[in-house]
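I opened my notebook to record what I looked up in this structure, entry by entry. I wanted to know how its parts touch one another.

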Amino acid sequence: MTIWRLVPFITAALVLAPVGVVVSSFFAPASDIWQHLFETTLPLLLINTLWLALGVIVGTALLGISLAWFTAVYEFPGRRFFSWALLLPLAIPAYVTAFVALGLFDFTGPIQTTLRTWLDNDLSWFPDIRSRAGVIIVMTLAFYPYVYLLARNAFLSQGKRSLEVAQSLGFNRKQGFFKVVLPMARPWIAGGIMLVLMETLADFGTVAVFNYNTFTTAIYKVWFSMFSLHAASQLASLLIVIVFVVIVLEQQFRSRMRYAENKRTERAQRIQLTGWHNWLVTGFVLCVLFLAFLLPVTQLCFWAIQSFTPDYDVTRYLEFLWHSLSLSGLAALLICLVVITIVYASRRYPGSVMRYAVRTATIGYALPGTVLAIGVYVPLTWLDGQLSELALRWFQIETGQLIQGTLITMLIAYLIRFMAVSHYPIDGAMQRITHSIDEAALSLGLSGWAMIREVHVPILKSGIFTAATLVFVDVMKEMPITLMTRPFGWDTLAVRIFEMTSEGQWEQAALPAVTLVLAGLIPIFLFMRQTEK
Amino acid sequence: MPRFNRNRFVVAVSFVFSLFSAHSVHAEEVVVYSARIEQLIKPMFDAFTKETGIKVRYTTDNEGALIARLEAEGKNTPADMLITADAGNLWAAARAGLLKPVKSDVLDNNIPVHLRDPGNEWFGLSIRARTLIYNTKRVDSSELSTYEDLADPKWRKRLCLRTSKKVYNQSLVAMLIAEHGEAEAEKIVRGWVANLATDPLSDDTRALEFVAAGKCDVTLVNTYYFGRLMQKDPSLPLAVFWPNQNNSGVHVNISGAGITRYSRNEQAAIQLLEFLSSDKAQNLFADVNMEYPANPRIKVDPFVAAWGSFKQNPMNLVKAGELQTTAVKLMDRAGYR
């Protein structure tokens with residue numbers, strides 16, 4: 001069983017390999033580019049990135065927590081439907097929401113065009129969507145489900161009951177929420193926000209559509225336009241350092257808290273909303289769902305129909321779909337298995353070294369995709385080179401590439417990138433299994449696998465489903481790693497979207513985008529069936 | 001103990017092997033890394049396979065990622081050819097030692113000197129002309145003259161530009177530097193920025209739509225974006241203007257290719273490269289994307305021909321690569337986002 005102890009370290013090492021590749025460039029000379037950045041764009045980039053991160057964190061926290069609270073604790077018209085429908089925006093890649101938002105609200109979009117003809121006005125008062133606020137709103141709408149999902153998990157399992165306890169202590173409902181429920185849900189909410197933060201920092205697609213310059217756009221610019229992978233890696237290492245500091249802070253903050261709760265509550269009685277409260281909540285929820293999902297999907301469908309021609313290669317499309325689904329499925333399975341093992345190991349052998357190894361394993365989510373992709377690629381090609389050399393020397397066979405260009409490369413890269421996404425929900429669920437639960441199980445004669453099967457799995461189930469859903473959808477939306485590591489012919493829906501948008505053909509990208517959204521709904525439906533039972 | 005099931009074992013083993021079925025070295029096959037997207041290159045590959053029987057395997061990605069990938073793979077790369085949608089990246093690949101010189105009379109004969117590397121490591125296959133497009137309701141074509149003139153205060157609040165992050169603009173500015181020197185080029189770019197009617201846009205199609213909608217009067221785009229938009233909606237009030245016809249000529253970029261240094265199927269790869277410069281493939285380049293064939297003997301698409309003929313800038317595109325970093329820095333200084 002001691003081999004378990006090593007799993008977190010092995011995975012942390014796996015993640016650190018690409019990070020190491022990136023950081024190793026730190027001492028390579030690129031001072032002219034740094035000087036140039038300091039003198040020109042860097043200050044603005046940092047301000048832009050900071051505002052973006054803050055704005056998106058505040059936005060997703062407000063939306064995610066409030067929506068989770070409403071759907072977990074209250075009863076209002078459509079509550080059942082909304083509680084899963086609010087997850088749907090997960091299926092839309094943020095860059096797609098971005099180009100739809102621009103297509104609709106920008107100067108040339110139907111809204112401004114119509115208003116201009118009606119009002120016969122130049123509409124100079126109309127807020128410019130290509131602005132900081134525009135990017136923040138779009139990213140908030142795209143990323144709030146991470147917070148929603150995790151917060152809802154926490155509220156469902158403890159919200160109503162802790163609220164009752166708070167009320168029995170003389171707090172009113174509002175005080176109870178802020179003083180008891182919210183602090184108790186903190187690790188889950190913090191996990192969701194961490195995911196949002198990392199995703200925001202690593203994002204390139206969305207900010208590129210807005211031409212909003214951030215740290216990540218600078219990384220790509222230095223790499224692709226100034227041909228300096230060294231300087232780009234140095235910038236990326238700074239990003240890693242920042243995220244690492246945030247992780248350490250969050251870890252410190254978290255380790256001071258202990259969670260003695262609790263088993264999942266039996267269907268608690270929900271609080272029935274009445275009168276205008278009722279409609280206010282329904283209206284708010286509907287509004288979010290409309291902006292984050294219905295509007296973009298409707299526009300996409302519209303474009304997809306426009307760009308559809310009878311000579312469409314349908315079999316090819318089914319192939320893209322199959323590739324997307326099977327890759328996401330395999331990745332979700334692999335990543336969840338690895339993360340479960342890690343989480344178990346760190347529970348079994350607690351300690352700060354272990355804790356940091358685990359957290360290090362999640363840092364891949366914060367790196368811009370292409371940077372991570374090349375970071376994965378370099379050590380793998382090296383390994384491949386060594387292997388084929390050996391094969392040549394020992395067996396006199398010319399092997400060519402063994403690992404690269406196979407699904408294995410892809411899966412490893414996905415694992416490194418998306419470990420964070422499944423770590424937070426599974427870890428959150430694991431914290432509910434207290435040692436007293438284990439002791440109780442032992443006293444009933446359950447141990448080893450039996451205990452895991454009979455006691456742990458039921459408690460962990462919702463966390464694992466959450467994790468699998470998130471990973472599945474995220475892998476399907478993923479672009480840079482898929483592009484770089486896919487075997488020949490393994491084009492996916494995301495690859496198709498890349499090809500269309502890279503030529504500015506947004507309308508043509510609509511069909512694969514709609515297909516991707518629909519395919520992303522599959523795990524969300526399955527997930528909801530599991531948790532809403 | 002379950003009994004050993006032979007069939008199951010065979011299936012399992014072959015599944016494991018299929019995971020590893022990366023790249024088997026095939027004699028009659030060319031492997032291409034292409035930054036030109038599938039729809040714009042597959043027709044040429046298909047024609048090549050039909051004519052020669054040689055298979056083409058390809059993967060697409062953006063230029064920078066493909067070059068980094070070639071660099072990481074070193075001599076184990078499966079790729080025989082790199083295709084990009086601009087000259088600067090081919091120059092960068094050549095400088096990084098990823099390409100090898102090709103001596104071919106066919107290529108020398110088909111591709112004009114200014115569209116290929118002086119060291120023969122890469123060759124332009126199609127021309128992408130970056131020209132002025134104006135709103136016919138708001139601009140009289142006599143107002144327009146050169147790229148440099150767009151910096152004149154008379155265009156204040158009338159200009160739309162795509163972001164400086166796109167390589168097409170970087171190449172254009174690099175060529176301006178080659179022609180006028182850095183200080184003068186910076187003055188021009190600063191003039192452009194001062195004349196912007198709105199923040200730089202994320203792509204050429206957007207810029208065209210903004211001109212058509214009247215947010216600005218003139219923009220700088222590659223002609224095929226204009227062609228695509230006009231085919232969709234011929235009623236748009238847009239028209240082409242060919243700048244700098246009395247001096248340096250229209251700035252052109254290329255979509256081009258080179259053979260990788262560690263190509264394993266060099267003969268077949270050269271055959272493909274030569275085919276791409278041949279009449280048949282050049283016609284396809286003109287057809288699939290309304291680009292201009294690199295081979296001057298090939299006629300352009302009739303739809304494109306209607307925009308008129310123009311004098312191109314004859315300066316060798318190697319300058320676009322050499323001066324790209326300088327151009328990017330210049331645009332940063334000038335506040336061109």
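The entries below go from the chains, to the domains, to a pair of helices.

**Entry 1, ground rules.** I noted that this is a predicted model, in which local features need pLDDT of at least 70, side-chain atom pairs count only at pLDDT 80 or more, and totals for chains, interfaces and linings use all residues. Residues are numbered from 1 along each chain as its sequence is written, while chains are lettered from A and ligands numbered from 1 in the order in which they are written.

**Entry 2, the two chains.** I looked up the contact between the chains and found 44 residues of chain A touching 46 residues of chain B, where two residues are in contact if their C-beta atoms, placed from the backbone, lie within 7 Å. On the chain A side, α16 (369-395) is among the helices that supply at least two residues, and α16(A) gives the largest share, eight residues. Helices here are DSSP runs of H or I with at least four residues, strands are runs of E with at least two, and both are numbered from the N terminus. I also noted that this side of chain A divides into 18 nonpolar, 19 polar and seven charged residues; Ala, Val, Leu, Ile, Met, Phe, Trp, Tyr, Cys and Pro count as nonpolar, Asp, Glu, Lys and Arg as charged, and the others, Gly among them, as polar.

Chain B is divided into domain 1 (25-127 + 253-299) and domain 2 (128-251 + 318-333), with bounds that come from an automatic or database domain assignment. Their C-alpha centres lie 28 Å apart, and the contact takes 17 residues from domain 1 of chain B and 14 residues from domain 2 of chain B. On the domain 1 side, the elements that give two or more residues are α4 (87-95), β5 (123-135) and β9 (251-260) of chain B, and the largest share, five residues, comes from α4(B).

**Entry 4, a helix beside α4(B).** Which residues make the contact of α3(B) with α4(B)? I found Glu63(B), Ile67(B) and Leu70(B) on α3(B), and Asn89(B), Ala92(B) and Ala93(B) on α4(B). An α-helix has 3.6 residues a turn, so residues three or four places apart point the same way. Just after α3(B), Gly74(B) takes a positive phi of about 55°.
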